[in-house]
Amino acid sequence: MSSVASVHGLWTAAAGAPGKIPAPHIEYTQLAPTLIVLGAAVLGIVIEAFVPRRHRYYSQLLLALVALAAGFAAVIGLAAGGFGSSKAHIAAMGALAVDGPALFLQGTILLVSLVAVFTFAERRLDPAAHGNRVDSFAAQPAAVPGGAAEQAAVKAGFTTTEVFPILLFAVGGMLVFPAANDLLTLFIALEVFSLPLYILCALARRQRLLSQEAAVKYFLLGAFSSAFLLFGVALLYGYAGTVTYAGIAEVISDGAKQIDPALAGTMGNDALLLIGAALVLMGLLFKVGAVPFHMWTPDVYQGAPTPVTGFMAAATKVAAFGALLRLLYVVLPGMRWDWQPVMWGVAILTMLGGAIVAITQTDIKRLLAYSSIAHAGFLLAGVLATSEEGISSVLFYLGAYSFVTLGAFAVVTLVRDAGGEATALSKWAGLGRRSPLVAAVFAVFLLAFAGIPLTSGFAGKFAVFKAAAQGGAGWLVVVGVLSSAIAAFFYIRVIVLMFFNEPKADGPTVAVPSPLTTTAIAIGVAVTLVLGLAPQYFLDLAGQAGVFVR
């Protein structure tokens with residue numbers, strides 16, 4: 001009891017003494033993009049609670065679009081104010097970096113999310129239920145699939161408008177993730193954007209059980225990866241006596257200048273450093289979808305509602321690669337010889353594994369999932385360039401890839417049969433004769449994935465392979481080119497299937513979308529062609545944003 005009393009006395013004395021607990025200093029203006037999005041997410045929850053059901057859809061849609069547009073405007077304002085270059089610094093008492101890569105990645109995430117909201121809001125693809133237009137999400141997600149409660153919810157015309165604030169919470173976490181400047185902020189941001197994604201994956205209107213299975217798989221494997229990352233954080237703290245990126249990097253390169261007596265027994269222990277760094281990297285490689293941490297990707301991409309799959313495939317990759325780049329370039333440059341060989345192996349396995357397994361797929365969403373795994377491998381080649389050119393090439397590739405992915409999944413939502421989306425590849429036979437425009441647009445996205453010249457995919461692959469070759473990773477480039485050739489086979493196979501096969505009599509129809517999905521697809525095509533035909537301005541922009549603040 002006396003020890004408890006003495007501790008309590010120390011605490012109250014410290015709290016009572018003036019100047020002992022410094023007030024936090026937060027640069028609210030520089031954190032505006034994240035604060036706007038998270039503030040709108042909270043407001044969305046209030047709308048769900050107090051606005052009548054019939055007005056919620058338009059209120060939430062308007063709020064989400066305004067918040068994401070305002071967040072992007074704030075990023076542009078910060079970049080124009082020099083925070084991406086001369087004024088780059090560490091904000092929020094060391095928790096977040098405001099620098100070129102952070103602003104570039106945040107801008108990309110906000111634009112991708114803005115386009116994704118259009119696909120979330122689409123309500124013209126499914127036939128009307130009981131006179132009400134329906135979207136891709138379950139009428140009442142808590143109801144048993146096929147049960148009386150679900151049937152009653154459909155009959156009453158319920159819609160799950162909560163998806164908009166949930167999406168905004170995910171985006172808020174993604175904005176913090178690549179800007180995090182200490183390991184605890186990194187972990188919190190990971191959880192803030194992962195938990196909403198687990199929920200969104202379970203909300204499909206059609207194939208409810210498949211959707212719920214996907215969400216459970218994603219949640220369980222995501223929990224494992226979070227645990228690995230958190231254990232790695234604990235070990236790195238034991239090694240360096242701090243969780244800040246700069247502090248850990250300083251201990252790795254110079255040894256601790258002032259060793260904390262309480263941690264003197266463990267600080268500087270290389271076993272803690274190597275195991276801790278490996279565990280943190282495992283957590284990030286899971287989010288990236290790199291082999292052998294990719295097991296969740298095909299099942300989750302197939303089972304989740306297609307608008308969620310498109311958003312997740314595009315935005316999560318941008319956030320995860322941003323965090324991975326900052327960790328390797330800011331925290332662990334001093335142990336490059338330790339992590340480089342392992343990352344080489346992961347990159348080679350990811351490129352070849354994604355490309356080879358994709359050939360065997362018979363479902364279009366699973367095929368795009370393995371395609372995204374292969375693209376993670378190509379991006380890792382740029383990461384392994386270990387140079388400023390490597391950073392800027394990865395930033396450009398992420399921007400280009402995210403819009404191609406979003407557009408491709410938006411097209412997948414249009415091809416439908418009586419059971420909803422027709423994702424079986426065999427059903428896409430002859431699509432080019434039934435609906436030449438939709439097939440042509442999808443072909444543009446597939447050619448961009450394959451890296452064919454005059455598309456953004458070619459410019460992105462050329463940039464990362466060039467950076468990797470200049471960084472001494474020539475063999476990685478050879479494997480990357482071979483993987484691209486293998487991948488080109490299954491992309492072109494789909495194009496041949498659409499344009500050169502006879503359509504089946506009972507084949508799917510192509511739904512006429514509202515202006516929302518049409519806009520999303522049009523933006524995807526425009527970005528794909530602009531970045532392919534005139535990439536230099538955007539390459540220069542990524543080049544200017546390619547320096548991390550330390």
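**Helices, pockets and cavities in a predicted model**

At the start of helix α7, a side-chain oxygen of D182 comes to within 3.1 Å of the backbone nitrogen of L184. The structure described here is a predicted model. Helix α7 itself covers residues 183–201, 19 residues in total. From its first C-alpha to its last, α7 reaches 27 Å, close to the 27 Å expected at 1.5 Å a residue.

Two further residues illustrate contrasting surroundings. R326 belongs to helix α12, which comprises residues 306–331. Because its relative accessible area is 1%, under the 20% limit, R326 counts as buried. The side chain of R326 makes a polar contact with the side chain of D99, at 3.0 Å. Beyond its neighbours within four places in sequence, R326 is in contact with residues including A97, P101 and A102, as well as P178, A179 and A180. Y245, V331, F548 and V549 are also among the contacts of R326. L35, by comparison, is found in helix α2, residues 32–50. Its relative accessibility is 40%, so L35 is classed as partly exposed. L35 and A450 are 415 residues apart along the chain, and their C-alpha atoms are separated by 38 Å.

The open spaces of the model come next. The largest pocket has a volume of about 690 Å³. Its lining consists of 27 residues, and those closest to the pocket centre are F72, F104, T108, F538 and L541. Two or more lining residues come from each of α3 (53–80), α4 (100–120), α15 (388–412), α20 (515–533) and α21 (536–544). Of the elements, α4 gives the most to this lining, with 7 residues. In the lining of the largest pocket, 20 residues are nonpolar and 7 are polar, with no charged residue.

The second largest pocket holds about 420 Å³ of space. It is lined by 19 residues, with Y57, Y58, R123, R133 and T159 lying nearest its centre. The elements that give two or more residues to this lining are α3 and α20. Helix α3 supplies the largest share, 5 residues. What classes of residue make up this lining? The lining of the second largest pocket contains 8 nonpolar, 5 polar and 6 charged residues.

How many cavities of 30 Å³ or more does a search of the whole structure find? The search finds 5. The largest cavity has a volume of about 90 Å³. Among its 13 lining residues, Q30, L31, A97, Q106 and A179 lie nearest the centre. The elements that give two or more residues to the lining of this cavity are α2, β2 (96–98), α4 and α6 (163–176). Its lining divides into 10 nonpolar and 3 polar residues, with no charged residue.

The largest share, 4 residues, comes from α15. By class, the lining of the second largest cavity has 6 nonpolar and 4 polar residues, and no charged residue.

Methods
Residues are numbered from 1 along each chain as its sequence is written. This is a predicted model: local features need pLDDT of at least 70, side-chain atom pairs count only at pLDDT 80 or more; totals for chains, interfaces and linings use all residues. Side-chain values use heavy atoms; hydrogens and water are left out. On a 1 Å grid over the protein atoms alone, a cavity is a set of points where a 1.4 Å probe fits but cannot get out, and a pocket is an open set with protein on both sides within 12 Å along at least five of seven lines; lining residues have an atom within 4 Å of a point. Grid points are joined across faces, edges and corners, and a volume is the space filled by probe spheres set on the points. Ala, Val, Leu, Ile, Met, Phe, Trp, Tyr, Cys and Pro count as nonpolar, Asp, Glu, Lys and Arg as charged, and the others, Gly among them, as polar. Buried means under 20% relative accessible area, exposed over 50%, partly exposed in between (1.4 Å probe, protein chains only). A polar contact is a pair of N or O atoms within 3.5 Å; within protein, one must be able to donate a hydrogen and the other to accept it, and residues adjacent in sequence count only if both atoms are side-chain atoms. Contact means heavy atoms within 4.5 Å. The expected span of a helix is 1.5 Å times one less than its number of residues.
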